[in-house]
Amino acid sequence: MSVKFHLPGLRANFPINMLLVKLMQHSPEYFREGLEIASFYGEFPTSKWNGGRFSGGDQCSTEYIRQVIKAVNAEGIPIRFTYTNPLITEEDLADPYCNFCLREADNGLNEVIVFSPILEEYIREWYPSYKLTSSTCKEIKNVDAINAELDKDYNIVVLDYNMNNKFDLLEQIKKKEKCELLANCCCVPNCPRRGEHYRFMAQQEQIVLKNRELPADKQIEVPKWYCEYGEHTSVYVFKNYETHISPDDIWNKYVPMGFNQFKLEGRTANLFLLIDTYAYYFAKPEYRDEMRFVLTTNLQANKVITVNKPRKEVWP
């Protein structure tokens, strides 16, 4: 059974994700057995339908969007749009930018993660070739409700991260092959503000887009999120959470149970954290340091990472 991973990012992480794909092709000995990249998920910022992470107000050109779709799909990898904004209205469905993105990628290979019933119905009607994923944002924690969701017309259902290591409950899930588990969730287990955070990021996105229509003196301040339960975590922090899924457990526990779809967080992560995360999950233990080195030096060579030289000075 192949072990499928869904990687974060269509913008900031696009270079490292494509580099990882090339490294898998040229140095397969670095990688764990059966590894498959199942999608690159995210958005082309800034998208009104985006959810799960705040893009920070960046924007992509028409040409960039087309080039990324072409490059990713040429590798046989789907783009999976994360259109999980929980505040979408009927009026938002006509958004020209999001509809442009869907039209450009409407080739039968690509996918959409959905949360809002309004948007899901719209995509099913106007873009029926897209495979739909049911978002973890729904926070479904009851096994019967999960099984009911799996019976619906979704390609994948992303489980709530609090289910991760509850093996007595995971065993009761009927269609394990349709489930996706969030392996490296940075939220503390049972975070009481997770749903609130999703709504807050949707509001940030709305404000940024509204500011584009306002003069400089009328700009609305974009609020900052603070969470007392933990922020700015790294692989060395969240691997100690009870919800964490280690690479050894993926291959030794979850895959034998029938689960083979795993999502890695990191759309807005620090690039060095992402390098560590990829080396941790994908490399055989004896190749982790070498993979980390190869990823870092190649990103430097391609000027994704810049190392500044000392400034010239005069003595005395």
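Which helix supplies the largest share of the lining of the second largest pocket? I will come to that in a moment; first, a caution that this is a predicted model.

The pocket, then. Its volume is about 230 Å³. The largest share of its lining comes from α7, with three residues. Helix α7 covers 194-211, and α3, which covers 96-104, also supplies at least two lining residues. Among the residues of the lining are K48, D92, Y97, Q206 and E213. Sorted by class, the lining has six charged, four nonpolar and two polar residues.

Now the aromatic rings. Across the whole structure there are 19 aromatic pairs. Take F5 and F282: the ring centres are 4.9 Å apart and the planes stand at 80 degrees, so this pair is edge-to-face. F5 sits in strand β1, residues 3-8, and F282 in helix α10, residues 271-282, so the pair ties together parts 277 residues apart in sequence. Are these two residues buried or exposed? Both F5 and F282 are buried.

Another edge-to-face pair is Y127 with Y130, at 6.3 Å centre to centre and 80 degrees between the planes. Y127 has 6% relative accessibility, and because the cut-off for buried is under 20%, Y127 counts as buried. Y130, at 7%, is buried too.

Back to F5 and F282: ring pairs link them into a cluster with F167, W251, Y254, F262, Y278, Y280 and Y281. One member of that cluster, W251, has R32 lying over its face, 5.2 Å from the ring centre. Elsewhere, R11 lies over the face of Y64, at 4.6 Å from the ring centre.

Technical notes. Residues numbered from 1 in each chain as written. Predicted model: local features only at pLDDT ≥ 70, side-chain atom pairs only at ≥ 80, totals over all residues. Heavy atoms only, no water. 1 Å grid on protein atoms, 1.4 Å probe; cavity = no way out; pocket = protein on both sides within 12 Å on 5 of 7 lines; lining within 4 Å. Points joined across faces, edges and corners; volume = space filled by probe spheres on them. Helix = DSSP H or I, 4+ residues; strand = E, 2+ residues; numbered from the N terminus. Nonpolar A, V, L, I, M, F, W, Y, C, P; charged D, E, K, R; others polar. Phe/Tyr/Trp six-rings, centres within 6.5 Å; stacked < 30°, edge-to-face > 60°. Buried < 20%, exposed > 50% of the residue type's maximum accessible area, 1.4 Å probe, protein only. Lys NZ or Arg CZ within 6 Å of the ring centre and 35° of its normal.
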